Amino acid sequence: MNSHEQVLEPAAFPVRARGRQYEDFQVGQRLDHHWGRTLTAGDATLFATATLAHNPLYFNAEHARAEGHPDLVVPPLLALCTVVGLSVEDLSEAGGPFLGIDDLVFHRPVHPGDTLSSASTVLAKRPSGTQPGFGVVTWRTEGRDQRGDLVVAFTRANLVVMREAQR
């Protein structure tokens, strides 16, 4: 190492807390998640290929048009993953195990060029009965397209760390 080179240790970098903790959520609270995501034909084809979703609606534009769609159909699971991903910063970025999705409904197809946004409402919260220092928070999340049309909706729950647990 040269005398002008500096070694940076991981501990030298400031730690920035991200996400919300259990106490930051209130039943009825609505969280409009950030800027959204435009899905492309490339996104749809790559996702369909990587997940072995071999439905011609997802990668054959002529077939999709013959079935009444204006273009390819984005795989519904890609729309779901996108909407969940948009919510992470507000709901679960601080960590805590994902407990699952319930009541999932795909309301309408998504096509390349559609921009999805999402918002979540806190449905319930309670201290965990089995994990001290954590609570269970349940949200209802809706994903909408650029026209405001509901595309996907679901209920999601996570274990969320309690602020008191960090003392």
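1. A search of the whole structure finds ten salt bridges. The structure is a predicted model, and every value below is computed from it. Side chains of opposite charge can pair when their charged atoms come close.

2. Arg-20 and Asp-90 are joined through their side chains by a salt bridge, with an N to O distance of 3.1 Å. This pair connects distant parts of the chain, 70 residues apart: Arg-20 belongs to the segment before strand 1 (30–32), while Asp-90 is in helix 3 (residues 76–91). Arg-20 has 26% relative accessibility and therefore counts as partly exposed. Asp-90, with a relative accessible area of 15%, is buried, because the cut-off for that class is under 20%.

3. Arg-30 and Asp-32 also meet in a salt bridge, at 2.8 Å from N to O. Here Arg-30 is exposed, at 52% relative accessibility, and Asp-32 is exposed as well, with a relative accessible area of 53%.

4. Asp-145 forms a salt bridge with Arg-147, and their closest N and O atoms are 2.8 Å apart.

5. Strand 6 covers residues 150–161, and eleven of its twelve residues are buried, so the strand is largely enclosed by the rest of the structure. Strand 5 (residues 134–144) runs antiparallel to strand 6 and is joined to it by eleven bridges. Within this pairing, Gly-135 stands opposite Val-160 of strand 6. The two strands form a hairpin with five residues between them, and Gly-148 in the turn has a positive phi of about 85°.

6. Strand 6 has another antiparallel partner in strand 3 (residues 98–106), with six bridges between them. In that pairing, Val-105 stands opposite Ala-153 of strand 6.

7. In soluble globular proteins, nonpolar side chains tend to be buried together. In this model the largest nonpolar core has 14 residues, of which Leu-39, Val-74, Val-110, Leu-116, Val-152 and Phe-154 touch the most other members. Which elements supply at least two residues each to this core? They are helix 1 (41–50), helix 3 and strand 6. Helix 3 gives the most, with five residues. Apart from this core lies another, of nine residues, including Leu-31, Trp-139, Val-160 and Met-162.

8. Setting aside residues up to four places away in sequence, Leu-39 touches Val-74, Leu-78, Thr-82, Val-110, His-111, Pro-112, Gly-113, Asp-114 and Leu-116.

9. On the surface, Leu-77, Leu-104 and Phe-106 form a nonpolar patch, with about 250 Å² of accessible area together. Leu-104 is in strand 3 and counts as partly exposed, at 34% relative accessibility. Phe-106 is in strand 3 too and is likewise partly exposed, at 36%.

10. Where does Phe-106 make contacts, leaving aside neighbours within four places in sequence? The contacts of Phe-106 are Pro-76, Leu-77, Leu-80, Val-151 and Val-152. The C-alpha atoms of Phe-106 and Leu-77 are separated by 9.3 Å, although the two residues are 29 residues apart along the chain.

11. His-63 lies in helix 2 (residues 61–66). At 28% relative accessibility, His-63 is partly exposed. Not counting residues up to four places away in sequence, His-63 touches Pro-56 and Leu-57.

Definitions and conventions. Residues numbered from 1 in each chain as written. Predicted model: local features only at pLDDT ≥ 70, side-chain atom pairs only at ≥ 80, totals over all residues. Heavy atoms only, no water. Buried < 20%, exposed > 50% of the residue type's maximum accessible area, 1.4 Å probe, protein only. Helix = DSSP H or I, 4+ residues; strand = E, 2+ residues; numbered from the N terminus. Pairing = 2+ DSSP bridges. Patch = residues over 30% accessible without salt bridge, like charges linked within 9 Å, V, L, I, M, F, W, Y side chains within 5 Å. Areas by Shrake-Rupley, 256 points an atom, 1.4 Å probe, with all protein chains shown as cover. Salt bridge = Lys/Arg side-chain N within 4 Å of Asp/Glu carboxyl O. Core = buried A, V, L, I, M, F, W, Y, C linked by side-chain atoms within 4.5 Å. Contact = heavy atoms within 4.5 Å.
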